[in-house]
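Trainee: Before I rely on the labels attached to this model, could we go through them one at a time and set each value against its cut-off?

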Amino acid sequence: MAVTGPGSDLEQAVAEFAGVRPRLFGIAYRMLASVTEAEDLVQDVWLRWQSHDRAAVDNPAAFLATMTTRLAINVTQSARVRRETYVGPWLPEPVDTRADPHLGAERGEALEFAVLLLLERLSPTERAAYVLREAFDYPYRQIADIIELNEPAVRQLVSRARKRVLVERRTPVTKTEQRRLLKAFVSAARSGDMTALEELFAADVISYSDGGGAVRASRFPVVGVSRVAKYHKAFALRFWAGVDVSWASANGQTAALLSRDGEVFAVVTVTASEEGIDQVLWMMNPAKITAVAPQAAEGP
């Protein structure tokens, strides 16, 4: 006998939501570049799904993706206001991609740090169109329904966003090479080897430190081979004393977890092209590194 009644209806609602939750989180994270904000948004979607007239929904997966995207557009708009007053450089919140390399996406686009930073320059609607198309391969017509625009307008949004990312982003090195460069950087930074550091960097290398005012960190990006090398050499002795380094996967690339007395206090990674390391990303805000800090590190 089939089970009916309020209990079975809620069980079905739970099952439908759980089936698409990875995708909902994937959309929210790519829109917000924050694990905490993405999890909060997905929880909000769940609460709304519980109280919604689900009998009127023909396609739960499409409905939930639409709700997630529209809420994310709104949150993105308010997040930009908050980031204008953020202390020092703002960097995306790293997320573990070892268990789920694509965070519910059919393709890995809009997950790497370099792309997320570029997407910050797009309007929330442009970003939504790009994420839905490039990461999840949604049809243009469905994207149009989700963001409430006509299909030609959506095609234009995606094209404009895609061109901007392609123009402003250098062709990245392989994951193996990125890992090699990161390990070489950590070694050179730890020893304060100016020559080794300079040899790793692209001419216009930038070092960002995201401390959010919670810890000591540079409040301005450091730019250029010589300046970035001198910057890392200057604090090598005091900073690296007693530091243990382990390795993890964050946003589809290798990251270094720095810890003292067993507690991770920084997540460091680099983005690189054939010209060398383009960006050094120091993520040190304690509130933003919890998604990777508890992990067991990967092997060397």
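**Reading the labels**

Mentor: Let us start with Ser226, which lies in helix α10, residues 225-234; helices (H or I, at least four residues) and strands (E, at least two) are DSSP runs numbered from the N terminus. The model is predicted, and local features need pLDDT of at least 70, side-chain atom pairs count only at pLDDT 80 or more, while totals for chains, interfaces and linings use all residues. Residues are numbered from 1 along each chain as its sequence is written, and side-chain values use heavy atoms, with hydrogens and water left out.

Trainee: What makes Ser226 buried, exposed or partly exposed?

Mentor: Buried means under 20% relative accessible area, exposed means over 50%, and partly exposed lies in between, with a 1.4 Å probe and protein chains only. Ser226 has a relative accessible area of 34%, so it is partly exposed. In sequence Ser226 is 25 residues from Phe201, and their C-alpha atoms are 9.3 Å apart in space.

Trainee: How do you know which strands belong to the sheet, and in what order?

Mentor: Two strands pair if DSSP finds at least two bridges between them. The open sheet of 6 strands has the order β2-β1-β6-β5-β4-β3, with mixed pairing. β2 and β3 (244-250) each have a single partner strand and therefore stand at the edges, with one side of each left without a neighbour in the sheet. β3 pairs with β4, residues 253-260, in the antiparallel sense over 7 bridges, and Ala250 stands opposite Gln253 in β4.

Trainee: What packs on this sheet, and which strands are touched?

Mentor: Contact means heavy atoms within 4.5 Å, and by that test α8 packs on the sheet, touching β1, β3, β4, β5 (263-273) and β6, with its direction at about 125 degrees to that of β5. α10 also packs on the sheet, touching β1, β2 and β6, with its direction at about 45 degrees to that of β1. Those angles are between N-to-C directions and run from 0 to 180 degrees, with axes fitted as lines to C-alpha atoms, for helices over the stretch in contact.

Trainee: How do you know that the length of α8 agrees with expectation?

Mentor: The expected span of a helix is 1.5 Å times one less than its number of residues. The 17 residues of α8 should therefore span 24 Å, and its end C-alpha atoms are 25 Å apart, which agrees. Among the buried residues of α8 are Leu181, Leu182 and Phe185, and just after the helix Gly192 takes a positive phi of about 70 degrees.

Trainee: What makes the pair of Phe185 and Phe201 a link between distant parts of the chain?

Mentor: Their ring centres are 6.3 Å apart and their planes at 45 degrees, so this pair is tilted. Phe185 lies in α8 (residues 175-191) and Phe201 in β1 (residues 201-210), 16 residues apart. Both Phe185 and Phe201 are buried, and they belong to one aromatic cluster that includes Phe239 and Phe265.

Trainee: How do you know that Arg260 lies over the face of Phe265?

Mentor: A charge sits over a ring if NZ of Lys or CZ of Arg is within 6 Å of the ring centre and within 35 degrees of the ring normal. Arg260 lies over the face of Phe265 at 4.4 Å from the ring centre, and over that of Phe239 at 5.7 Å.

Notes:
Rings of Phe, Tyr and Trp (its six-membered ring) pair if their centres lie within 6.5 Å; planes under 30 degrees apart count as stacked, over 60 as edge-to-face and the rest as tilted.
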